[in-house]
Amino acid sequence: MTRYPQAHKAQTHAQLVATASAAFRAQGVTAVSIPALMNQLGLTHGGFYAHFPSKDALAAEACARPLLRRSEELAQLPPGAEALRQVIAAYISPQQRDHPGESCPLPSLAGELARATPEVRHAFTEALQRYLDRLAALLSSEGAERERDQAFALAAEMVGAVLLARVVDDSALSDRILTACRAFALDAFAGAEATAGASP
């Protein structure tokens with residue numbers, strides 16, 4: 001008799017996290033209200049507290065979730081230049097730029113999360129470290145420490161490229177930023193030959 005309610009609560013929890021994750025990436029954490037999220041799911045505001053004690057607790061899970069999922073995807077890729085080409089080309093792309101609610105949270109939320117509560121920052125830091133570990137595993141270099149340093153640089157390059165491409169109000173400039181940054185990242189991290197066909 002108790003299994004259905006427990007399963008239903010878990011399903012609702014997962015839906016709430018997924019909905020919040022997309023909304024936070026698209027609009028920002030501060031701009032999204034709990035009543036609006038619950039209304040989107042057809043639930044009452046009061047029902048939120050059956051799942052989370054606060055908005056910060058939701059933000060901690062919802063902002064980390066996309067990075068954790070992407071880490072799992074990266075773990076399925078074999079190390080080497082070909083996998084890096086795929087990762088870079090998919091990240092520094094019009095798809096990432098134009099659909100923030102479906103994309104990596106870093107270009108959308110990094111600035112806001114830097115001012116978030118310790119709870120939110122800690123959860124995001126742990127998720128980011130896992131993502132960087134997976135990214136480092138794809139890199140071919142001399143030793144684990146250098147790989148991790150290169151993963152820092154590659155992540156910063158990808159995030160910065162998408163962030164700048166979103167900020168400008170000139171579509172041609174935005175495309176050029178993506179093209180130039182993608183070509184640079186491919187050349188620097190996956191070999192010069194990978195720059196072929198790198199335009200959007």
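This is a predicted model: local features need pLDDT of at least 70, side-chain atom pairs count only at pLDDT 80 or more; totals for chains, interfaces and linings use all residues.
**Overall fold**

I started with the element count. The protein has 9 helices and 0 strands. Read from the N terminus, the order is α-α-α-α-α-α-α-α-α. I then took the extent of the C-alpha trace, which spans about 60 × 40 × 30 Å along the principal axes. Of the 200 residues, 40% are buried. I also looked at contacts with a separation of 6 or more, and 65% of these join residues 24 or more positions apart.

**Nonpolar core**

I turned to the largest nonpolar core next. It holds 56 residues. Which of them touch the most other members? They are Phe24, Leu58, Tyr91, Ile92, Leu135 and Met158. Helices H1 (3-27), H2 (34-40), H3, H4, H6, H7, H8 and H9 (171-190) each give two or more residues to this core. As a general note, nonpolar side chains in soluble globular proteins tend to be buried together.

Setting aside neighbours within four places in sequence, I found Leu58 in contact with Leu16, Val17, Ala20, Phe24, Ile34, Leu37, Phe48 and Phe52.

**Helix H7**

I went on to H7, residues 118-138. Its 21 residues reach 30 Å from first C-alpha to last, close to the 30 Å expected at 1.5 Å a residue. The buried residues in H7 are Val120, Ala123, Phe124, Ala127, Tyr131, Leu132, Leu135, Ala136 and Leu138. I asked what covers them. The cover includes H3 (55-75), H4 (81-91), H6 (105-113) and H8 (144-167).

**Arg65**

I checked Arg65, which lies in H3. Is Arg65 buried or partly exposed? Its relative accessibility is 25%, so Arg65 counts as partly exposed; the buried class ends under 20%. Beyond neighbours within four places in sequence, Arg65 is in contact with Val17 and Ala18. Arg65 and Ala18 are 47 residues apart along the chain, yet their C-alpha atoms are separated by 8.2 Å.

**Largest pocket**

I finished with the largest pocket. Its volume is about 350 Å³. I counted 18 lining residues, and Arg70, Gln96, Glu102, Ser103 and Cys104 lie nearest the centre. The elements giving two or more residues to the lining are H3, H4 and H5 (94-98). H3 supplies the largest share, 6 residues. By class, I noted 8 nonpolar, 4 polar and 6 charged residues in the lining.

Notes
Residues are numbered from 1 along each chain as its sequence is written. Side-chain values use heavy atoms; hydrogens and water are left out. Helices (H or I, at least four residues) and strands (E, at least two) are DSSP runs, numbered from the N terminus. The expected span of a helix is 1.5 Å times one less than its number of residues. Buried means under 20% relative accessible area, exposed over 50%, partly exposed in between (1.4 Å probe, protein chains only). Contact means heavy atoms within 4.5 Å. On a 1 Å grid over the protein atoms alone, a cavity is a set of points where a 1.4 Å probe fits but cannot get out, and a pocket is an open set with protein on both sides within 12 Å along at least five of seven lines; lining residues have an atom within 4 Å of a point. Grid points are joined across faces, edges and corners, and a volume is the space filled by probe spheres set on the points. Ala, Val, Leu, Ile, Met, Phe, Trp, Tyr, Cys and Pro count as nonpolar, Asp, Glu, Lys and Arg as charged, and the others, Gly among them, as polar. A nonpolar core is a set of buried Ala, Val, Leu, Ile, Met, Phe, Trp, Tyr and Cys residues joined through side-chain atoms within 4.5 Å.
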